[in-house]
Amino acid sequence: QVRLVESGGGLVQAGGSLRLSCAASGTSGTIFGINAMGWYRQAPGKQRELVAVITSGGITNYADSVKGRFTTSRDNAKNTVYLQMNSLKPEDTAIYYCNADGINKLGSRFASWGQGTQVTVSS
């Protein structure tokens, strides 16, 4: 019920930074509320893993592997969530996806996924 589009991925050297954006659009008018938005990543040959979560109240949680390096935030006016990635490592290379967990106005829970953006860290 909501369209999510990630952007901001690219190629960066180890130690560099990137900021990913996830913009929500489409049928957002049917949404009663978003419980949380999360960032996931999937590297070749590995399972998709949760990287960061931000709740509707602004509470954040991070995977141990990115704590101290990544920060997620929200701009509710723009219906956008961000993932600031600093001190990037080669093992951060993956396709990054954003996810929305919410409830529509009919009272049904839903989950929406973006199509992903590639992050490649060299060296």
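**Figure 1. The largest pocket of the predicted model has a volume of about 240 Å³.** Of its 15 lining residues, Ala24, Ile34, Met37, Arg74 and Asn79 are the closest to its centre. Strand 4 (31-42), strand 7 and strand 8 each give two or more residues to the lining. The largest share, three residues, is that of strand 4. Sorted by class, the lining holds eight nonpolar, five polar and two charged residues. A pocket is an open set of points on a 1 Å grid over the protein atoms alone, where a 1.4 Å probe fits, with protein on both sides within 12 Å along at least five of seven lines; lining residues have an atom within 4 Å of a point. The volume is the space filled by probe spheres set on the points, which are joined across faces, edges and corners. Ala, Val, Leu, Ile, Met, Phe, Trp, Tyr, Cys and Pro count as nonpolar, Asp, Glu, Lys and Arg as charged, and the others, Gly among them, as polar. Strands are DSSP runs of E with at least two residues, numbered from the N terminus.

This is a predicted model in which local features need pLDDT of at least 70 and side-chain atom pairs count only at pLDDT 80 or more, while totals for chains, interfaces and linings use all residues. Residues are numbered from 1 along each chain as its sequence is written, and side-chain values use heavy atoms, with hydrogens and water left out.

**Figure 2. Strand 7 (residues 70-75) and strand 8 (residues 80-85) form an antiparallel pair over six bridges.** Strands pair if DSSP finds at least two bridges between them. One of the bridges joins Asp75 to Thr80 in strand 8. The two strands make a hairpin with four residues between them. Ser73, in strand 7, is partly exposed at 33% relative accessibility (buried is under 20% relative accessible area, exposed over 50%, partly exposed in between, with a 1.4 Å probe and protein chains only). A C-alpha separation of 9.4 Å divides Ser73 from Ile59, 14 residues apart along the chain.

**Figure 3. Asn79 and Ser87 are loop residues with positive phi.** Most residues other than glycine have a negative phi. Asn79, in the loop between strand 7 and strand 8, has a phi near 50 degrees. Its relative accessible area is 40%, so Asn79 counts as partly exposed. Ser87 sits in the loop between strand 8 and strand 9, and its phi is about 50 degrees. Ser87 is also partly exposed, at 42% relative accessibility.

**Figure 4. One aromatic pair is found in a search of the whole structure.** Tyr40 and Trp113 form this pair in a tilted arrangement, 4.9 Å centre to centre and with 55 degrees between the planes. Tyr40 belongs to strand 4 and Trp113 to strand 10 (residues 109-113), 73 residues apart, so that the pair links distant parts of the chain. Both residues are partly exposed: Tyr40 has a relative accessible area of 22%, and Trp113 one of 36%. Rings of Phe, Tyr and Trp (its six-membered ring) pair if their centres lie within 6.5 Å; planes under 30 degrees apart count as stacked, over 60 as edge-to-face and the rest as tilted.

**Figure 5. The side chain of Asn104 contacts the backbone nitrogen of Leu106 at 2.9 Å.** Asn104 lies in strand 9 (residues 94-104). With a relative accessible area of 7%, Asn104 is buried.

Conventions:
Polar contact = N/O pair within 3.5 Å; in protein donor to acceptor, adjacent residues only side chain to side chain.
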